[in-house]
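Have the structure open as you read.

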Amino acid sequence: MNLHDGAVEAKDEVVFSVINGFGIVTLNRPRALNAITHGMVRAMWTQLNAWAHDPAVRAVLIEGMGEKAFCAGGDVRALYDSRVNHGDAHQAFFVDEYRLDYLIHRYPKPYIALLDGIVMGGGMGVAQGAALRVVTDRTRLAMPETGIGLFPDVGASWFLGHLAPTLARYLGLSGVTITAADALYCGLADVWLEGDAPQRLRDMLPDFDWSADASADLQQVRSAIVSIGRTWADAAPLAQVRSTLDRHFSALDVPGIVASLEADPQTPWSVETLAMLAQRSPLSLCVTDRQLQKGRRLDLADAFRMELVLGYHAFATGDFVEGVRALLIDKDKQPRWRYATLADVPASVVEAFFVSPWPDGAHPLKALGDD
């Protein structure tokens, strides 16, 4: 159950309320797994900016309606329709989405993300900038973009770039789904609320006892949430295979990773990982690996600027249209990628993805970080 169960109108894609100093953002498209539309992005941008200057709001909590998902990503079908109809709505969406995600990373008040259920793609964008990322027993977290001819965006260059390099490559290239224990282990979550603890978190909000000192708000909220959860994971699945993962994903490039996995046919994890990579766009895999390398050296604003450039090329000449066709439109799951194998992908094409299509000084996110 969510804070607004029974009290929301179906037409509202995102619902805002204030409960005892907590600004509550509820993503409200449960039948679409709370996938984010452009309208939701604009509404959240406006509301978060208003709450930033509202003394009645001491902290923000974002959650998803329903029991299946926090947010399964962006509205990919709408982006596909814009591209195939030669529109520009997809570009406008990414500009506004990245501005929103950046705002969340730099939000001046405690921002808590309750990641109950599926958290993928765009859902990670509105979650990973949180001061407190709260996972649950139902959390299923992933950045699966290489499977539809894209790359891990919404700031993944930065938030994956702050993980151990081998873990970042594994998560970003394979698009594997992980649960709460691995999210804590990797560094993509801060607190795990087990059992009925997520509802106990919701129940504590109306009676939360704020101190007079607003500068202590984050520590106060953190202490309250940590007191009903855990900040460590016993026997995280990835910890069990970490030495194998590190060996394979420390290869020089994606072909090297694949070759290393192929040479390890007796290890089930290696066989499963190899099968996942075989389903991904070869071009997207190569672009993503380069992206993650570059992202480790960029600040947050430059990471978003780089991703907007990558997105432009992924839609213009990459595999996005074909990936969505195969997975969501025709559903034949037989994508005809631009390059059939990793060996076919020219290094020059990968590097071209990082060349801005905008003249100097005209990047749509030029002002990001000037605040």
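## H6 against H14

The crossing of H6 and H14 is right-handed (right-handed means the near helix is turned clockwise from the far one by less than a right angle, left-handed anticlockwise). This is a predicted model, where local features need pLDDT of at least 70, side-chain atom pairs count only at pLDDT 80 or more, and totals for chains, interfaces and linings use all residues. Residues are numbered from 1 along each chain as its sequence is written, and side-chain values use heavy atoms, with hydrogens and water left out. Helices (H or I, at least four residues) and strands (E, at least two) are DSSP runs, numbered from the N terminus.

H6 covers residues 165-174 and H14 residues 282-295; their axes come within 10 Å and cross at roughly 150°. The axes are lines fitted to C-alpha atoms, for helices over the stretch in contact, with angles from 0 to 180 degrees between N-to-C directions. H6 and H14 are therefore roughly antiparallel (angles over 145 degrees; under 35 is roughly parallel, 65 to 115 roughly perpendicular, the rest oblique). On the H6 side, Ala-168, Arg-169, Gly-172 and Leu-173 meet Leu-285, Thr-288, Asp-289 and Leu-292 of H14 (contact being heavy atoms within 4.5 Å). Sorted by class, that contact has 4 nonpolar, 2 polar and 2 charged residues (Ala, Val, Leu, Ile, Met, Phe, Trp, Tyr, Cys and Pro are nonpolar, Asp, Glu, Lys and Arg charged, and the others, Gly among them, polar).

## H12 against H13

H12 and H13 bring their axes within 9 Å and cross at roughly 140°. That makes H12 oblique to H13, and the crossing is left-handed. H12 contributes Ile-257, Val-258, Leu-261 and Glu-262, while H13 brings Trp-269, Ser-270, Thr-273, Leu-274 and Leu-277. The class tally for this contact of H12 with H13 is 6 nonpolar, 2 polar and 1 charged residues.

Which residues of H9 (217-226) are buried? They are Asp-217, Val-221, Ala-224 and Ile-225 (buried is under 20% relative accessible area, exposed over 50%, partly exposed in between, with a 1.4 Å probe and protein chains only). They cover an arc of only 95° around the axis, so they sit on the same side of H9; the arc is that of the directions from the helix axis to the C-beta atoms. Their cover includes strands S2, S5, S7 and S9 and helix H8.

H11 (residues 242-249) has Thr-244, Leu-245, His-248 and Phe-249 buried. These cover an arc of only 110° around the axis, which puts them on the same side of H11. Among the elements covering them are H6, H10, H12 and H13.

Val-60 is in strand S3 (residues 59-64) and is buried, at 0% relative accessible area. Its C-alpha atom is 5.4 Å from that of Phe-22, 38 residues apart along the chain. Beyond its neighbours within four places in sequence, Val-60 has contacts including Gly-23, Trp-51 and Tyr-111.

Leaving out residues up to four places away in sequence, Arg-305 touches His-363, Leu-365, Lys-366 and Leu-368.

## Positive phi in loops

Asn-20, in the loop between S1 and S2, has a phi near 50°, a positive value in a residue other than glycine. Asn-20 is partly exposed at 29%. Leu-33 isn't a glycine either, yet has a positive phi of about 55°; Leu-33 lies in the loop between S2 and H1 and is partly exposed at 26%.
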